[in-house]
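Thanks for making the time. I have one structure to go through today, so let me put it on the screen.

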There are 4 protein chains.
Amino acid sequence: MNKFKILNDPIYGFINIPSELVFDIIEHPFFQRLRRISQMGLSHFVYQGAHHTRFEHALGAMFLMQRAISSLRKKGVKISENENDSLLLAILLHDIGHGPFSHTLEHSLVTNIHHEEISLLFMEQLNKEFDGKLTTAIQILKGQYHRKFLNQLVSSQLDIDRLDYLKRDSFYTGVTEGNINSERIISMLNVVDDSLVVEEKGIYSVEKFIVARRLMYWMVYLHKTSLVADFVLLNILKKAKELVSKGAELPCSGSLQVFLKQTETFTFNDELLLEFSKIDDYDIIMALKQWKNYPDKVLATLSNSIINRKLPKISIQDNEFSKVTIQQKREETKVKLAISDNDVDYFFGVGMIENQAYNLHNSSIDILLKSGEIKDITEASDHMNLLALSKPVVKHFMYYPK
Amino acid sequence: MNKFKILNDPIYGFINIPSELVFDIIEHPFFQRLRRISQMGLSHFVYQGAHHTRFEHALGAMFLMQRAISSLRKKGVKISENENDSLLLAILLHDIGHGPFSHTLEHSLVTNIHHEEISLLFMEQLNKEFDGKLTTAIQILKGQYHRKFLNQLVSSQLDIDRLDYLKRDSFYTGVTEGNINSERIISMLNVVDDSLVVEEKGIYSVEKFIVARRLMYWMVYLHKTSLVADFVLLNILKKAKELVSKGAELPCSGSLQVFLKQTETFTFNDELLLEFSKIDDYDIIMALKQWKNYPDKVLATLSNSIINRKLPKISIQDNEFSKVTIQQKREETKVKLAISDNDVDYFFGVGMIENQAYNLHNSSIDILLKSGEIKDITEASDHMNLLALSKPVVKHFMYYPK
Amino acid sequence: MNKFKILNDPIYGFINIPSELVFDIIEHPFFQRLRRISQMGLSHFVYQGAHHTRFEHALGAMFLMQRAISSLRKKGVKISENENDSLLLAILLHDIGHGPFSHTLEHSLVTNIHHEEISLLFMEQLNKEFDGKLTTAIQILKGQYHRKFLNQLVSSQLDIDRLDYLKRDSFYTGVTEGNINSERIISMLNVVDDSLVVEEKGIYSVEKFIVARRLMYWMVYLHKTSLVADFVLLNILKKAKELVSKGAELPCSGSLQVFLKQTETFTFNDELLLEFSKIDDYDIIMALKQWKNYPDKVLATLSNSIINRKLPKISIQDNEFSKVTIQQKREETKVKLAISDNDVDYFFGVGMIENQAYNLHNSSIDILLKSGEIKDITEASDHMNLLALSKPVVKHFMYYPK
Amino acid sequence: MNKFKILNDPIYGFINIPSELVFDIIEHPFFQRLRRISQMGLSHFVYQGAHHTRFEHALGAMFLMQRAISSLRKKGVKISENENDSLLLAILLHDIGHGPFSHTLEHSLVTNIHHEEISLLFMEQLNKEFDGKLTTAIQILKGQYHRKFLNQLVSSQLDIDRLDYLKRDSFYTGVTEGNINSERIISMLNVVDDSLVVEEKGIYSVEKFIVARRLMYWMVYLHKTSLVADFVLLNILKKAKELVSKGAELPCSGSLQVFLKQTETFTFNDELLLEFSKIDDYDIIMALKQWKNYPDKVLATLSNSIINRKLPKISIQDNEFSKVTIQQKREETKVKLAISDNDVDYFFGVGMIENQAYNLHNSSIDILLKSGEIKDITEASDHMNLLALSKPVVKHFMYYPK
């Protein structure tokens, strides 16, 4: 291989590209597109350093997977060369289906399909181009491979995905509360009965990880300013679709137009996948830059709201907002903006957010005790607070014009 | 002031010495002695970088206090020049009463007095030398000053002392789980009705702080290897006192001999204080280096155990050890080492350790909500896990020869 | 001021917004546009984390300026409130004239004006909107203010601009070679006879700064992959202008079209300034995404080259490439791509790069010796290597298709 | 192996103990003694965090050696298992011959032998105890092993020793100027014709390394306060020997007494080696604590000078001090302290220090160019400043009472 072999990551230093296949996948336009998909949507409105992309995260996760495989092998866990390559491909591509601004537009631009499913569609496509070399990787991601722990490495409550993004998002936001010790946790992974476990001495690092995740949710991912920015962007897309459905011609890229025209019941066929692969953050921002001067006042106002960061106000509280309060605030919005009742909901909204640091009923985090026994982290821990962390916390929000 | 004015700290960078008085206090032999008192006792047996001293910690805490005062003043909290100076002196000297290996020997070398009280004795002494300039600092430390929040800054569940030592100990041990964001927390402190509060936006940083403290206790301060090393050292002192009381002449420094001769009921007068000021880690380690060749087998074995890190085994579990187990293990020890029943307890012991991350009944950590209301952190938090963290966790240990 | 007051920076932590005026400037669309101007052009092709923007850099520099002012005032340097505010505005706005991809397109999109001059045009505009409150800031930037050291703080060989961008670019690229200790250097600044100096004890930190700058140039700013990417982008703009001048209608934003139509001799009037303020990285990337399917083969190929990172090869050497080599490689290019002689220079080029770590003839870095004497750093240093660093290093490059 | 296998390092995280032999060596009293030998002598008088020990440095260097071996093997360099083990032992033990305060007392306590030779004596001793398993390690250290590059890894201008201590000393002092990127440099090592080389892309990291070393010398290792403290300590030992030679009985440990009695011409036999192995920083400091009350005024004053940090003044300048100045200052000292002419030189001294960042005539740092050619770094570099750095810089100092 006479191709370049090293990538520079600000967190891990050098990342080695382990094979020609991985190199070619990274070179592929589907993957290069991730350079234009921001990892954290509009979070940079709050944390100005958070401009990192899915491209970096995918590569960072691949790096950590290399470490995990190497550590497991040293402990005697057998991982074949094909399994090794497939784990790297699986983690590298697990997020390739993300659309512009990652999660923000997930259920707006494309309504009836999750990004994980789109990732698999992309992988099927790549599998054709690369002569079936991604077959095992796809099986692993789908949970259909016969060795369960491989799937757990890419998708569980302590998977390599989370070990990278918590650390990475903490780095770029400066929220040190989320700075987990990924390499330490990885060095404590092991496999028992085909199931991923953490050795007992890692129990406190896991506790730190769970708490860090909880704090990152409140301080970053569900930060109220990001939250309201996300809703503005969602409402823009909704309004745009409404206008298009009524026959309007909105200035924007051709690929974006294709999706604005889709109805709820479209099928995500190969052709649509190809269009999807052409869309990234740039299509959206450029559309907004044009739409902020569009004759429709709602679309123009909302678009300007993102471009020049003129965001609505948002209140968050533990209890539901009363019907009276909601009704009143909604009415105020209508009068203030002098808009039709139909349009109010583009500027006003209520809803709830949930933060569950650890999900007892999902794939558990298992601790391998020195005695050989295996226990769920909430039982293995000496303390009730992990159990407490498995209770979801719900908050209610209302946003409305400043 | 033509004296040097800047100290180099690996964590905060430059530390400014704010006044000639502070400079002179730092130059005083009482304070210079802290260069020879390790901050974390024998923790370097587990965390080999942990050789930092009380000297650094005291200066680091003074630095953070400067930041806290500056931040509070910007928020409109009035702090007079005398209060400013006294806060700096109070935090600088709060630990000056520590003996060798800090907490390890606290109730062994000197049995009936806490290090906080000895700190106050030293301060009284310095107050004489410095013409009463420490009077307010002493009042603050004693909780006798008329403004309560000054005392809370030096002694409460979120005091400047903890904000420095958790960060510092995390730095030197490499246990990132304890790396709190001290400056962020400090910037969120405020004062309401003469009481220290944390502004609402700091609520998650406080949660992180409490969890970090819990993790540092289990991973570092109560690490089983440090724990057992501490007991060995305690037992050495106990044995040495026993031998001295029987008339033995143990080779060691004169000042150490003074304390080996003390009975339980001694009074800590000025003369003893002066002797105490001459003892540090070096007296102890040099004594052990000599005692490891002393004719008394118990003293020699134990001393060698520290010098060459030949530590006993230690088991830790959630439940009490049964009487049968204890009896059996104790008997084994006696046989194995071929020692008298009286001497067994120098090599064998049981006990319990407790870790309470947050103490509800102690000085609480109060959160100032945006509404103006003040709530204890456990109530202000959206989550039960802080309440859970206020429950003490108890573990039981037993140590015995390898 | 009931407005938000704190920004989160991953490097410095909290950045305080010091006044309502600064807040309003930050809110202005001219400044918000900097969120969409990447600091380092296409460097993320080499250093994948380098997606940070001019927005962050401007705020970071303002933060360091606050520190510098505070440190100088402590040393007795008088700085009035108006000077304080103006220094902050000057550093905040010094780069507001940057176009898309910062330096990359500086002499392409707009040909006969530097970004510094555009910054001043923007500031004049803002000065009108804000009732003349930027007058002093403009004077400082222009070097027309009567106190010289204020200008040196914003523009000299050791200015606050460099102290932020070296540190910031090092952080995001992971090239630790450039990680200077900005706060330490700032704490050593002083003013003598209206001139900025560094106190003697800072001499080694300045040496480190100069070497770090040299290394960042070779390792990052002049990295051959960034370099060639820049040329591709420049050539795209050149080709686009050529096509437009021949009457082609290239799909792109209206504002971009305005500039594609400009001839060499246009004047940068207020109207053009307004158009310029609407252009950012997004206009360029979206244009490229469309142009990569444009009928003109040159434009399409080059555009695809950026979008999918298919860059030309580039060779760098100490000596000039011989005429023969150049002629030969150019011919090969023509044949390989089957293009006209006229079009070859869109794919092939030679040139030179220069790296001068310290410029003796420019504003010098002056060291204030303990004796009171002031010397240029190259003389004050004990070593010839600083003198050596003042010699420019030149390298020659040639790029051509893979 | 049922023994503990992991050590905690604040810089590298986990350090794995690779074999039972290494484990047993670490457990040996010879090696445990390094826990009581500070890495940087009395530098903590300037950099208060610098209390780290030879124990940590030895283990850190072993860790980096593991990385280096692993990286070289990946590049196809053959390293046998015995060579691997021996490299680890060689680097682990290369400094085991250091006496108290490392370099400070190197030519005082023991006068006619270097610490490297004592290291070899210790290794010979251990080799007997461990059945010849250290034979290859000893050969490597002596430069007698048939593969030269193994020796270069443990002893050259870019050896693993330096890669650890520069980084480590930078960490504990907080002098970021010395924070080299050891792992990056290691990943660029290679072997050509049995000789260690650095690949071309590492050229700037090597430049950074050389400059960092230069800065660490001036800012840390040759810092004037450390320098003068070292001289005080040396003078104490000198005075103590003088007193002992005249028949005085100085209170101190038995092993220290052995060395105080040695004349210049002693032979370092096995018996003396054993005594030497019992001495560490603690013997010295405890002696000083006793000697500061000793009847001899010179010894008492000097000892107190270290214990309570009352150091002489020191001036440093580029040129030699004139004979007149020296004579005058010496006379002043004599009068001021009212001491005999003979004793003046315990309080007064002149000398010179030298800092040569890179030594052209020593084992060179070779760069492997992409062309396959190998050049010395000063030639491979594009710049004269590396050549400049190979010129030694000399400064002159004079110390005298405050």
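Predicted model: local features only at pLDDT ≥ 70, side-chain atom pairs only at ≥ 80, totals over all residues.

In chain D, three strands make an open sheet with antiparallel pairing, and their order is E5-E9-E6. The edges are strand E5, residues 313-317, and strand E6, residues 349-355, both of chain D; each has a single partner strand, so one side of each is left without a neighbour in the sheet. From one strand to the next, the twist averages 25°.

Now the pairing of E5(D) with strand E9 of chain D, which covers residues 393-400: the two run antiparallel and are joined by five bridges. To pick out one residue, Lys313(D) has Tyr400(D) in E9(D) as its bridge partner.

Next, the copies. How is chain B superposed on chain C? A rotation of 180° does it, with 0.0 Å of shift along the axis and an RMSD of 0.0 Å. The two copies are therefore related as by a two-fold rotation axis. Of the interface residues of chain B, 100% are also interface residues in chain C, so the copies meet through the same surface.

Last, chains A and C. Here 29 residues of chain A are in contact with 29 residues of chain C. On the chain A side, strand E1 (6-9) and helices H2 (29-32), H3 (54-74), H8 (160-173) and H14 (281-291) each supply at least two residues. H14(A) gives the most, with five residues. By type, that side of chain A has twelve nonpolar, twelve polar and five charged residues.

Methods:
Residues numbered from 1 in each chain as written. Chains lettered and ligands numbered in written order. Pairing = 2+ DSSP bridges. Helix = DSSP H or I, 4+ residues; strand = E, 2+ residues; numbered from the N terminus. Axes fitted to C-alpha atoms, helices over the stretch in contact; angles between N-to-C directions. Least-squares fit on C-alpha atoms with pLDDT ≥ 70 in both. Contact = placed C-beta atoms within 7 Å. Nonpolar A, V, L, I, M, F, W, Y, C, P; charged D, E, K, R; others polar.
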